[in-house]
Amino acid sequence: MSSSAPRPWFAWSCVVAAAIGCQAIVSSALPRQRVVVMLPSASADATLRDRFLQGYAVGEATVRDCGHPVPTVRWMALRPDQSPLEQLPRHSDQHLVVAPPSADLRAFSDLSQQNGLSVLLPYQRGESIDTLRGLKGREKLWPLVPSIQEDVKATVEATLKAGWDRAMVVADPSALEATLSMAFVDHYEASGGLVESYEPTPVQQVDPTDGQRLDRFRKDMTWSWAGTVVVADQPDGPLATRLRREQRDGAFGGGAPLTPNWVYLSDSATLRDLPQVPWQQLGLEHPARGDDWLAFAEAFNRRWGHTPDLLAAAGYDTARVLALVEAAPLPVSDDGLPDPMGWVSPDQDAVDLCSALRQRQRGESLRLKAAASDFRLRGGMTPSGQAAAGLLMATPSDPMKADGKRADAATG
């Protein structure tokens, strides 16, 4: 291979150097580390890597603030077409692997079983996490962030708290939000809400380019007189944009333009700049997260000059978990093998990092106060956290928007 040939790891290794410092690059050359952190090497994943590594750097800083050495890890790049088994052959002194964000769980389950490793899953939120319960050996797979189901539950709770207990649900089949529509229906009905539908299924699937299908849904909504519509589309997506325009014109909903109310199933980041409308809009304020979020967000903003997200929080918690793993000899599992996560006690009161490091050094079990979740970690299960949802107002920075106050409902 020519020396000028592109190296897939070069771009993100520069990010590691900037975000974490020389330790990460130097440790990547060490031959036999017991902790391995894998990051995706595709150019399309650059933003994902940056956000994770920025959070990781803030997490390392908190370890240093406790007077403790930062975790020594071996960094590896993983191509989209590459199996972790191919990249990581068996090493007798390796015990823990950190999978890339949104990793292929089946591939890392195979790695765990064949190499006897525990796997930390820093960021698994979408449909992939649903495969976890069906995997063999899942007790060695450790998710760090709550399931997106926690966010859906918060949205349902806020919807019912607003008195919106009768709704129709519409989804653009091509929108990511469509994957959450049935979860909303299930939680909504289980909590006492009523979903109206003139279709065999409770979710009305509407392709926004299909005028006939749009007209059918418009008529269904009018006939139902449902006071709420749940929109599984981006706020600026083609379906939401079309329905919004029609409701403003009085052509959608039994009480247009003031009703129906809208519930969005979108990520909170996409709901920050909603247009001003005559009806009420409700959605997610922030995803499920942990009690250390505020301290983390302040430190992150000081370091990087912008607001973090849950992926950055996962990087932050990962650095702190790895420091705790390396703070003392590993506990031993019931089968006599080293257990890198055996010190986690999900039912204890959460403690700050410095206290957690001292407890680890004394060989004690503990629960860490974390940013991405409540840290009630169990192998093969997602932790929980607190999400907030409520009425959404347009931001004041735009003269076409209303004031930015929000009325929230939280769930844990």
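**Exercise 1. How are H8 and H9 oriented to each other: parallel, antiparallel, perpendicular or oblique?**

*Solution.* The model is a predicted one, in which local features need pLDDT of at least 70 and side-chain atom pairs count only at pLDDT 80 or more, while totals for chains, interfaces and linings use all residues. Residues are numbered from 1 along each chain as its sequence is written, and side-chain values use heavy atoms, with hydrogens and water left out.

Step 1. Two packed helices are described by the angle between their axes and the distance between the axes. Helices here are DSSP runs of H or I with at least four residues, strands are runs of E with at least two, and both are numbered from the N terminus. Axes are lines fitted to C-alpha atoms, for helices over the stretch in contact, and angles run from 0 to 180 degrees between N-to-C directions.

Step 2. The axes of H8 (residues 211-224) and H9 (residues 238-248) come within 12 Å and cross at roughly 50°. Angles under 35 degrees count as roughly parallel, over 145 as roughly antiparallel, 65 to 115 as roughly perpendicular and the rest as oblique. H8 and H9 are therefore oblique to each other.

Step 3. The crossing of H8 past H9 is right-handed, a term used if the near helix is turned clockwise from the far one by less than a right angle. On the H8 side Leu-214, Phe-217 and Arg-218 meet Leu-239, Arg-242, Leu-243 and Glu-246 of H9, where contact means heavy atoms within 4.5 Å. By class, this contact has four nonpolar, no polar and three charged residues; Ala, Val, Leu, Ile, Met, Phe, Trp, Tyr, Cys and Pro count as nonpolar, Asp, Glu, Lys and Arg as charged, and the others, Gly among them, as polar.

**Exercise 2. Describe the crossing of H6 with H7 and list the residues that make the contact.**

*Solution.* Step 1. For H6 (residues 149-161) and H7 (residues 181-190), the axes come within 9 Å and cross at roughly 50°, and the two helices are therefore oblique to each other.

Step 1. H6 passes H7 in a right-handed crossing. H6 contributes Gln-149, Val-152, Lys-153, Thr-155, Val-156, Thr-159 and Leu-160, and H7 contributes Ala-183, Phe-184, His-187 and Tyr-188. Sorted by class, the contact holds six nonpolar, four polar and one charged residues.

Step 2. Ala-162 is found in the loop between H6 and S6 (166-171). Ala-162 is partly exposed, at a relative accessible area of 36%, given that buried means under 20%, exposed over 50% and partly exposed in between (1.4 Å probe, protein chains only).
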